Amino acid sequence: MKLEVSNLCEGHALCVQTAPEVFELDEDGYARIKFDRVPADLERVAELGARVCPVAAIVVEQ
Amino acid sequence: VNRIVVVGGSIAAATAAATLRADGYKGDVVMVSEELVPPYSRVSLSKGVLAGTHSLDSTLLPALPNDIELRLGVKAVYLDSQTARVGLSSGEILGFDGLVIATGARARRLTEPARTGEYVLRTQDDAMLLANRLSGSRSAVVVGGGFLGMEVASTLLNHGLEVTVVDRDPPLERLLGRWLADLIVAKAKTLGTRFAVAPAGVELVGDPVDRVRWNGGDSVVCGDLIVSAAGDLANIEWLQGSGLALADGVVVDDRGLAASGIAAAGDVAAREIGHGVFRRIPHWTNAVRQGQAAARALLDPSVGPFQPEHYFWTEQFGLEIKIAGKLPLRGDPRVVDGSLEECSVLLQWSDTRGDVAAVSVNQRIPVARLKSLAGSISSPA
């Protein structure tokens with residue numbers, strides 16, 4: 001699974017809070033993905049983190 | 001049965017359903033939503049979607065896993081909590097061994113159903129109706145100066161409309177406290193927004209509605225577009241007779257449970273905050289946390305209480321504002337960083353208990369820093 005943070009990100013950090021294994025904030029407070037490809041065992045939690053974004057800024061590609 | 005039913009189609013429902021799976025629940029998960037579209041975010045409806053810069057599709061949340069059965073366009077019509085069954089508008093009756101109630105709330109309207117011309121903003125459909133009406137309008141009256149009303153007013157103003165906001169109270173003051181409300185209203189006025197206070201409430205006049213009247217008829221504002229942003233009503237009618245405690249919303253305990261095996265989350269859930277006083281917390285962060293808590297309370301009867309989280313944000317009149325801490329904010333803040341004159345500032349409120357809230361205005365800082373400036377009160381345990 002591949003994830004991407006679009007330019008809609010406003011830095012509310014819900015993704016980080018929900019799935020700290022997968023998401024982190026950069027120095028400016030925007031979300032960033034820790035992996036090029038999300039490991040299979042983290043896919044569920046990555047999806048959860050993506051879905052709680054209030055501005056739908058995280059794009060999930062299978 | 002080996003099934004958990006989630007009633008609702010928004011972020012609290014979607015989070016609850018997906019959390020059940022992420023936490024290893026192996027039974028059926030059935031999600032029942034009255035809306036015809038899959039879960040989406042309402043957050044940008046009053047901003048990007050209304051402004052025409054964001055498509056409706058941009059509000060769709062990532063699709064739910066396919067081991068969650070999503071039924072769209074189906075309404076729950078009753079709950080029998082004794083026999084653990086939900087009746088659906090399709091005529092079907094679903095038994096469950098766990099239920100999440102996340103039916104949300106709807107916009108409160110000020111006119112009776114048969115009247116036309118009163119616009120509200122809650123769903124994608126509302127946003128489209130409003131956006132269509134926008135193009136031919138030169139003036140608008142927004143009834144309600146809360147977060148939603150002010151965001152709508154800001155978008156309409158940007159679109160070139162003459163905008164008047166009318167409310168019983170000074171805009172945002174009850175929500176945010178006087179200091180921050182004053183800052184936002186001052187900016188809104190600079191940009192040309194007009195404000196009126198109608199302490200005894202207003203009346204919408206005409207069919208279609210084309211005026212807002214108050215003060216016994218002595219004060220009137222006309223508008224090509226009349227938008228009500230006068231609060232919301234929890235969707236609890238279907239729970240009459242269910243045996244659950246209802247008070248403005250579904251009453252839940254500190255774990256999110258309304259009864260054994262029945263949880264509630266999001267805008268529909270009400271917690272007792274003082275003796276006999278119940279409050280819903282209708283914002284995104286809370287819907288997410290309550291959705292997670294609801295799933296966990298159903299899966300693990302020994303789960304402990306969860307702390308509501310106090311983090312909100314709003315964008316209006318050129319101000320991007322993030323707030324960590326309990327509202328309303330009392331007294332005056334300290335400037336931590338930036339400058340008020342330049343309207344880019346980081347603020348902190350303190351009282352005798354220590355730091356209680358932090359607010360960023362047009363400042364990019366990691367939310368974690370904002371929350372730490374708000375002291376322990378805003379961060380979940």
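Start by selecting β22 and β23 of chain B: the two strands form a hairpin with two residues between them, and B:Gly276 in the turn has a positive phi of about 75 degrees. Strands here are DSSP E runs of at least two residues and helices are H or I runs of at least four, numbered from the N terminus. The model is predicted, so local features need pLDDT of at least 70 and side-chain atom pairs count only at pLDDT 80 or more, while totals for chains, interfaces and linings use all residues. Residues are numbered from 1 along each chain as its sequence is written, chains are lettered from A and ligands numbered from 1 in the order in which they are written, and side-chain values use heavy atoms, with hydrogens and water left out.

β22(B) and β23(B) (residues 277-280) pair in the antiparallel sense over four bridges; two strands pair if DSSP finds at least two bridges between them. Pick B:Ala270, which stands opposite B:Arg280.

Now select A:Leu3. Beyond its neighbours within four places in sequence, A:Leu3 is in contact (heavy atoms within 4.5 Å) with residues including A:Val22, A:Phe23, A:Ile33 and A:Val60.

A:Leu3 is also among the residues with the most contacts inside the largest nonpolar core, which has 61 residues; B:Met31 and B:Trp284 are others. Such a core is a set of buried Ala, Val, Leu, Ile, Met, Phe, Trp, Tyr and Cys residues joined through side-chain atoms within 4.5 Å, buried being under 20% relative accessible area with a 1.4 Å probe, protein chains only. Helix α1 of chain B (residues 11-22) gives the largest share of this core, eight residues.

A cavity is a set of points on a 1 Å grid over the protein atoms alone where a 1.4 Å probe fits but cannot get out, and lining residues have an atom within 4 Å of a point. Points are joined across faces, edges and corners, and a volume is the space filled by probe spheres set on them. There are two cavities of 30 Å³ or more.

- Select A:Cys9, A:His12, A:Ala13, A:Cys15 and A:Cys53: of 14 lining residues, these lie nearest the centre of the largest cavity, which holds about 80 Å³.
- Then select A:Glu10, A:His12, B:Trp313 and B:Glu315, among the residues lining the second largest cavity, of about 50 Å³.

Technical notes: Buried < 20%, exposed > 50% of the residue type's maximum accessible area, 1.4 Å probe, protein only. 1 Å grid on protein atoms, 1.4 Å probe; cavity = no way out; pocket = protein on both sides within 12 Å on 5 of 7 lines; lining within 4 Å.
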